[in-house]
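Subject: Handing over the structure

Dear colleague,

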Amino acid sequence: MRFFGEPIEFEKQAGIGGPVWLGRAESGEALQAFAVAAHRADGRLAALWGSDERRRSGCFRVHCVFGFMAGHIRVSLDLPAEHPVYPDLSGIFPAASRMQRATRDLVGIATAGGDQRPWLRHGAWPADWYPLRHDAAQLANAGAGFPNAPSDYDFVPVGGEGAHEIPVGPIHAGIIEPGHFRFSVIGERVLRLEQRLGYQHKGVEKLFVGRNLAEGARLAGRVSGDSTCAYAWAYASAVEAACGASPPPRALGLRALMLERERVANHLGDLGALGNDAALAFGFSQFMRLKEDWLRLNAKLFGQRFMMDRIVPGGTTLDLEAPALRAIVEQCEAVGREVKALGKIYDEHAGLQDRFLTTGAIDADLARELSLTGVAARATGLILDARAHRQGYTPPPPWAMLGVRPATDERGDVAARAAVRFAEIVESLRLLRELAVGLPDSEVCVEAPPQPGGDGLGVIEGWRGEVLVGVALDGEGRLARVHPHDPSWQAWPALEHAVMRDIVPDFPLINKSFNLSYSGADL
Amino acid sequence: MLRRILRTGIVSEPPPEAGAEAREVARLNREILRILGRALTIRQVDAGSCNGCELEIHALNNPYTNLEGYGIKFVASPRHADMLLVTGPVTKNMEHALKVAYDCTPDPKLVVAVGDCGCTGGVFGESYASCGAVENVIPVDVRVPGCPPTPVALLAGILAAVRRD
């Protein structure tokens, strides 16, 4: 099968996950031409990563995943071992830039042109040593023994009378992950924000190499703790595609229950924190109380407050009995009533709305240009939700039967991102009730025997946005390469744009309204 | 809004080790006030976590745990802090910043390592990108294991660090 009239042959990935087509480009020019065609067809760059295939086929490989109306397309391109260079895609999809830089830092395959500054390498390892190359294996496990010499970074300077810089981080003032923000300001107005991330880089992708499938699941659940269910499911889905396994229907229902519970928990926390950042302590207390009730029921029913390690390749590790499902339905009704009342208070609170409205605005054109997904994209009016039907796309089970209604808002500001969260809580509560009542009878886990040389891609609509995991198995059925991709890769640059017309004191509020993952994108 | 505040009432719960040890906790609170001059201030440093631990540290500020009710408060600068609450593993990219934060915290200071990763390196261990446990980078007084540790375990760990002092 072909797409957009480009000469690349694709095969549809087997299995019950979301629709994914896999293909190979014959040359860098073919990849570039395909990217141009995908962009013209309103596609987005969903992920980009590299792999060292020299042992199997004597080359390096770069993988690009494009999201479009009907699903996802992965295009891989082989690169010669001696001179692994591929075309810069950042002129077509700006989101490619940081992914290309990270790929160069980790695998040592580079783009011809584009931003050549290091991204994840801050000086902890030499510029000519690449952790994800096979021959880097021994060194990496020995703690490497490289001198850790933090390097300077070439921030883009902003000139002009009265312009000055405010550096913030890597350690921030709140209870939050580390990253560096360089504001260029005049007075309190932000002219430009440039992020330098990578502080959370802890070598996750290297740790996957050589692990068995179960160990991989545990690690995938810790790529970004707030999205543990989304990652565990995306990983399981990729492994199931690679190994030809189909999780039983009840397991899919339970996974969806966990994913929606994760979504509600995070949205409750974010709405509380948004109130707090706008000096409405009442909102913080109320939403944090609801979130705590929610997590306590998780602990009771799933044995863990964040439901970590409950989704595994083949299904789930636990089943829920009728009383547990009843408790979920009852809690949904109680929380639904409270969220409705709190939503009214937020809507009518003049001080809060004054801070929310028009603050940190981006529009749908920018969201599309930056390949944005998730809450932030839907808050600009884009209808983009892997759980929901759209023209030419049927969501995978169990979503297809549930008729998920994606929440959207066209304002693109903090108020819109709050409104989308309110609407998504309401929808998730409905989904949870339907899932709990209609959970099909079956076993909850089947064997997923490792398929040597297997290869798969999993896509899950996490609470923040689209979570992708690419998995490739080696000749012994162990993990050869796993790339977990967080929606924050695409959303961080959107935050740089969102803050541009606003003032420095509004940054914490705008940042919170995106609530992006550092760990998920730094890996 | 006022009606809702009244209807919700006070949901704060007794601190951990309630019941037989409630008196001990009350004594500890007096102790905290005596030693640290009316308050304990904490600077939280995420040195490389998956952000799971941060979710539970946030929960310390919810009305159930109500940390500020004990006179314990999170502050924005290590210069204002009595205690560093550090999650890990410590990435190589955060090693320098963590050392600087430690040096900026005035003596006497306490360090609590949070989570399996903060205590041992956890699933991430030591590698080209990770220094592993917090104690590999700065001295640690108390360890709170768990993946992630519950808010009750965190509170108990914070109180245990003060008790040692």
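Before the findings, one term is needed: helices (H or I, at least four residues) and strands (E, at least two) are DSSP runs, numbered from the N terminus. Please also keep in mind that this is a predicted model.

I begin with the largest pocket, which has a volume of about 1,200 Å³. It is lined by 43 residues, and those closest to its centre are Gly174(A), Ile175(A), Ile176(A), Lys512(A) and His58(B). Several elements each supply at least two residues of this lining, among them strand 9 (180-186) and helix 17 (507-514) of chain A, together with strand 1 (40-46), helix 3 (52-59) and strand 2 (72-74) of chain B. The largest share, six residues, comes from helix 8 of chain A, and the lining as a whole has 20 nonpolar, 12 polar and 11 charged residues. At least three lining residues are drawn from each of domain 2 (156-201) and domain 3 (204-515) of chain A.

The second largest pocket has a volume of about 520 Å³. Of its 23 lining residues, Arg55(A), His134(A), Val209(A), Leu479(A) and Ala480(A) are the closest to the centre, and by class the lining divides into seven nonpolar, five polar and 11 charged residues. Here domain 1 (10-141) and domain 3 (204-515) of chain A each contribute at least three residues.

Turning to cavities, a search of the whole structure finds 10 of 30 Å³ or more. The largest cavity has a volume of about 180 Å³, and of the 20 residues that line it, the closest to its centre are His72(A), Ala386(A), Tyr393(A), Val459(A) and Glu466(A). Strand 13 of chain A gives the most to this lining, with three residues.

Helix 7 of chain A provides the largest share of the lining, four residues, while the lining residues divide by class into 11 nonpolar, five polar and two charged.

With best wishes

Key:
Residues numbered from 1 in each chain as written. Chains lettered and ligands numbered in written order. Predicted model: local features only at pLDDT ≥ 70, side-chain atom pairs only at ≥ 80, totals over all residues. Heavy atoms only, no water. 1 Å grid on protein atoms, 1.4 Å probe; cavity = no way out; pocket = protein on both sides within 12 Å on 5 of 7 lines; lining within 4 Å. Points joined across faces, edges and corners; volume = space filled by probe spheres on them. Nonpolar A, V, L, I, M, F, W, Y, C, P; charged D, E, K, R; others polar. Domains from an automatic or database assignment.
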